[in-house]
Amino acid sequence: MSRAPVHFILHVPKCAGTTVERHFASALGEGFLIAPRWESVWRNVLGNRYPYTPADPALAGVHVVSGHSLSRSLGRAFAGRRVEASVLLRDPIGYHLSLYNYRWGWHRAGKAPRPPEFARWYGVQRRNPIARFLLSRYFEQGVPALYRLSSAGRLAYLEARLAGFLFVGGHDRAAEMIGGISRRLGVGETVESRNVTAVKVVTAEGLGADWQARILADNALDAVLHARWRDRGWRGEVDQDGGAPLPALPHYDHARLLWADTASAVAKKLVG
């Protein structure tokens, strides 16, 4: 059985995950796996996880795992193999614009209803969606665990764990990450961008400075996370801020976070 490391590459939405997945699917064939989804009504409550995952000898030939449903407990299926995790992040403005334009692309392809205007659509989105995605999907923080963490607590939690990742960087460093992992695996390094958001209905310039400032303020945790980690790259290459103190974020906003997520879930049902 292989004892080579298995690479877990987190697919955060709108962070070049499609480029990552298509590259390794092509380069590795059956050596690439899209993480299965835990099909349970408890998934969005308890947190995304693999609660009963034994070692699986059939996965000996898998070298890269990705997908929106990937969580750390899947590592148990690769008994005796070290998990090397990597992730790409994005700034809040770029994330929300990409997601909104992606929805428009689906509408124009006849696969989804027409999205509302940007202001109305943005008004029902969860705040700090990237940090929340990492916490609830990969790190399996459900209810009540997720809401025991304040904004400051969420940043500290993620900082401590990202420090052990093989690669962390901005989504614009996808080719660098893919190439480096490909070299480790001895497969082709040529990367073809797979941007699935070709339609640009709204741009940062079109939003203007006031809207950009609002998005950054609303999503301060994601903004801090991206600013601190976009240039880190490979583990050990950059001293992560040399032990600099974390930026100030609220320490006692647990109830506000719970209320905001609940309100967003209800509003999405009404706005779409």
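**Salt bridges**

Modeller: The structure holds twelve salt bridges, each a side-chain nitrogen of Lys or Arg within 4 Å of a carboxyl oxygen of Asp or Glu. This is a predicted model: local features need pLDDT of at least 70, side-chain atom pairs count only at pLDDT 80 or more, and totals for chains, interfaces and linings use all residues. Residues are numbered from 1 along each chain as its sequence is written, and side-chain values use heavy atoms, with hydrogens and water left out.

Take Glu39 and Arg37. Their closest N and O atoms are 3.5 Å apart. Glu39 is exposed, at 65% relative accessibility. Arg37 is partly exposed, at 45%. The cut-offs: buried means under 20% relative accessible area, exposed over 50%, partly exposed in between (1.4 Å probe, protein chains only).

Next, Glu84 pairs with Arg82. Here the closest N and O atoms are 3.1 Å apart. Glu84 is buried, with a relative accessible area of 7%.

Then there is Arg126 with Asp261, at 3.7 Å from N to O. Arg126 sits in the loop between helix 4 (118–123) and helix 5 (129–138), and Asp261 in helix 11 (residues 254–271), so the bridge ties together parts that are 135 residues apart in sequence. Helices are DSSP runs (H or I, at least four residues), numbered from the N terminus. Arg126 is partly exposed, at 30% relative accessibility. Asp261 is buried, at 8% relative accessible area.

Technical notes. Helices (H or I, at least four residues) and strands (E, at least two) are DSSP runs, numbered from the N terminus.
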